[in-house]
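Here are my notes from a pass through this one, jotted down as numbered points. Have the coordinates open while you read, and check the spots I name.

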Amino acid sequence: MAQLRLTLLAVSLLILSPAMDGGGGGTVQAQIVPAVISFGDSTIDVGNNNYLPGAVFKANYVPYGVNFGSRHKPTGRFSDGKIVTDITAETLGFESYAPPYLSPQAKGKNLLLGANFASAASSYHDDTAAMYDAITLTQQLMYYREYQSKLAALVGRKNATAILSDALYIVSTGTGDFLQNYYHNASLSRRYNVNSYCDLLVGIFSGFANELYRLGARRIGVTSMPPLGCLPASIRLYGKGRRGCVARLNGDAETFNKKLNATVEALAEKHSDLKIAIFDIYTPLRDMSESPASQGFSEARKTCCQTGTRKTRVYLCNPATTGLCRNASDFVYFDGVHPSEAANLVIAESTMSAGISLVT
């Protein structure tokens, strides 16, 4: 059902978007935005970490990718199939996705699709990313400046400026700042309580968004913090043997989200020509986690793949085992922290209205 509604939305948006002259008297329909440019963590990493020899988190092994495309092979996406940015790109009229920026495919005409700088274990705080040899948000922004130069060399500076101004920018990160840093970093948690730590993180986002704006971005979507306490890995690590969502962790996510809302409102007020919106992933993921049957799922506590038991492996599919569920679409979560493709479809549909506000 979610896929059908997204398909109908895509058709509606394409009808509403301006047509391009195809040169023979007819017209060809353009993508709704010229490019999609992504920054963040494993929620939207499409394989950059595969090119980082020291990266702790990678999804370059089976069962990741078992339902992706026609090849059914791992691509570096942390799911069984499509992630939310894939679904978003399709809804916007793209027939293919921007490759990972570190890959050999990120050149020539592929640069016209946009760029994906996301890196699993990256986060707002550069220290979090550095702990896991991920691409820091600061470095992702440096790669973006490099991408701007490559795009200008490809199509000319004027055309590049137009593409970058009309492109959709997606920022999806922050989970690691809590799960992979704050919750087990005694020094950090002594220095900051949850409230002041959230202030630190949204302050970093504000600076990042202002810099994107300075560099030409005019359509920015940022994801909220997910329900940290409902992630299977969180329940396993912090649930004290109970099966329900961990209320304390969800409360931390809600604190962050309130501050993010205020920050986004301030950015919109500061820059009158900036379209900026929050993609609320907290609500749909919490609802699926607490009432999976209401969205057609049968399991929200167990993961589709068998996860590891020690340290970072509790978050990911265990590469040492072939344990896998029969049907990933029955499961809200594919591994300890990442949704299945079926759940990503529900999330994408839920964030539809925010997306429309950015592209119309």
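1. Let's start with H4 and H5, which are oblique to each other. Keep in mind throughout that this is a predicted model. H4 covers residues 137-155 and H5 covers residues 157-166; the two pack at an angle of about 130°, with their axes 7 Å apart. As for handedness, the crossing of H4 past H5 is right-handed.

2. Which residues make that H4 and H5 contact? On the H4 side you'll find Tyr144, Tyr147, Gln148, Leu151, Ala152 and Val155, and H5 brings Arg157, Asn159, Ala160, Ile163 and Leu164. Sorted by class, the contact has eight nonpolar residues, two polar ones and one charged one.

3. H4 also packs on H8 (residues 194-214), with an angle of about 5° and axes 12 Å apart. Angles under 35 degrees count as roughly parallel, so H4 is roughly parallel to H8. Leu137, Leu141, Tyr144 and Arg145 come from H4, while Phe208, Glu211 and Leu212 come from H8. Here the tally is five nonpolar, no polar and two charged residues. Have a look at Tyr144, which is listed in the contact with H5 and also in the contact with H8.

4. Next, Arg219, which sits in strand S6 (residues 219-223). Is this arginine buried or exposed? Arg219 has 15% relative accessibility and so counts as buried, the limit being under 20%. A polar atom of its side chain lies 3.0 Å from the backbone oxygen of Asp166. Setting aside neighbours within four places in sequence, the contacts of Arg219 include Ser165, Asp166, Ala167, Leu168 and Tyr169, and from elsewhere in the chain Val33, Leu274, Lys275, Leu358, Val359 and Thr360.

5. The buried set has Glu341 and Glu349 in it, along with Ala342, Ala343, Asn344, Leu345, Val346, Ile347 and Ala348.

6. Ser189 belongs to H7 (residues 186-191). At 32% relative accessibility, Ser189 is partly exposed. A polar atom of the Ser189 side chain lies 3.2 Å from the backbone oxygen of Ala186.

7. Now some backbone geometry to inspect. Val62 and Pro63 are joined by a cis peptide bond, with omega about 20°. Pro63 is in the loop between strand S3 (36-40) and helix H2 (84-91).

8. Finally, where do the positive phi values turn up in residues other than glycine? One is Asp133, at about 55°, in the loop between helix H3 (126-131) and H4. Asp133 is partly exposed, at 45% relative accessibility. Another is Lys240, with phi near 50°, in the loop between helix H9 (232-238) and helix H10 (247-270). Lys240 counts as exposed, at 73% relative accessibility.

Methods: Residues are numbered from 1 along each chain as its sequence is written. This is a predicted model: local features need pLDDT of at least 70, side-chain atom pairs count only at pLDDT 80 or more; totals for chains, interfaces and linings use all residues. Side-chain values use heavy atoms; hydrogens and water are left out. Axes are lines fitted to C-alpha atoms, for helices over the stretch in contact, and angles run from 0 to 180 degrees between N-to-C directions. Helices (H or I, at least four residues) and strands (E, at least two) are DSSP runs, numbered from the N terminus. Angles under 35 degrees count as roughly parallel, over 145 as roughly antiparallel, 65 to 115 as roughly perpendicular and the rest as oblique. A crossing is left-handed if the near helix is turned anticlockwise from the far one by less than a right angle, and right-handed if clockwise. Contact means heavy atoms within 4.5 Å. Ala, Val, Leu, Ile, Met, Phe, Trp, Tyr, Cys and Pro count as nonpolar, Asp, Glu, Lys and Arg as charged, and the others, Gly among them, as polar. Buried means under 20% relative accessible area, exposed over 50%, partly exposed in between (1.4 Å probe, protein chains only). A polar contact is a pair of N or O atoms within 3.5 Å; within protein, one must be able to donate a hydrogen and the other to accept it, and residues adjacent in sequence count only if both atoms are side-chain atoms.
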